[in-house]
Amino acid sequence: MVHVSNFRPGKRVQDVMAVFMGVRERMPTRLLLIGDGPDRQLIEAQCRDHHICDDVCFLGKMTDPEAIVASCDLFVLTSETESFGLAALEAMACGVPVVSTDAGGTAEVVENGVAGLLNAVGDVAAMTGNALTILSDEETLARYRVGALRSAARFDLPKVLPRYEELYQEVVQQVKADGVHQ
């Protein structure tokens, strides 16, 4: 399992730990944490308190985490709010399915039941169950990996850039029609 964030309270990294510990009770697993921030010390203390430090790796800030993320089976995103869910999209582009909160724009990025599974903010039990569902067998994991790649492809530059250019042209035309000059 992997999580990437700035370790701020809104990312709810304690929930990531709770999901990990729930999955760990049912199957062998490791957690890779990429990033740094104010809640990192709290999470490190939680690892020590629960004697799970051997199964949790703190990798700190990384400029190119794609190879690490791609080596994982599941991306966990427990944010209270997300404007878009870029970290989830990047994981999906690596073929890694996502268990995430249904917060902000995440539902637009993660196709529920295809690229991963969405959950209510703070519902650690549901997230744990959904993580176990995805990780339950190789066939299920493979299906979600394919779904993650397919879902991420919807945001490929050749598909998205023309839409942005079209929107830009519409705005320019509207400004011209309204007689507003910038």
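## Helix 1 against helix 6

Helix 1 and helix 6 pack with their axes 9 Å apart and at an angle of about 50°. Helix 1 passes helix 6 in a right-handed crossing, the near helix being turned clockwise from the far one by less than a right angle.

In helix 1, Asp15, Ala18, Val19, Gly22, Val23 and Arg26 meet Val124, Met127, Thr128, Ala131, Leu132 and Leu135 of helix 6; contact means heavy atoms within 4.5 Å. Sorted by class, this contact has eight nonpolar, two polar and two charged residues.

## Basis of the model

The model is predicted, with local features needing pLDDT of at least 70 and side-chain atom pairs pLDDT 80 or more, while totals for chains, interfaces and linings use all residues. Residues are numbered from 1 along each chain, and side-chain values use heavy atoms, without hydrogens and water.

## The nonpolar cores

The largest nonpolar core has 27 residues, of which Met1, Met17, Leu31, Leu33, Val56 and Leu74 touch the most other members. Such a core is a set of buried (under 20% relative accessible area, 1.4 Å probe, protein chains only) Ala, Val, Leu, Ile, Met, Phe, Trp, Tyr and Cys residues joined through side-chain atoms within 4.5 Å. Helix 1 (13-26), strand 2 (31-35), helix 2 (40-49), helix 6 (124-135) and helix 7 (138-153) each supply at least two residues of this core. Helix 1 gives the most, with seven.

Leaving aside residues up to four places away in sequence, Leu31 touches Met1, Val2, Val16, Met17, Phe20, Asp55, Val56 and Cys57. Another core, of 19 residues, lies apart from the largest one and includes Cys72, Phe75, Ala148 and Ala152.

Conventions
Buried means under 20% relative accessible area, exposed over 50%, partly exposed in between (1.4 Å probe, protein chains only). Helices (H or I, at least four residues) and strands (E, at least two) are DSSP runs, numbered from the N terminus. Axes are lines fitted to C-alpha atoms, for helices over the stretch in contact, and angles run from 0 to 180 degrees between N-to-C directions. Ala, Val, Leu, Ile, Met, Phe, Trp, Tyr, Cys and Pro count as nonpolar, Asp, Glu, Lys and Arg as charged, and the others, Gly among them, as polar.
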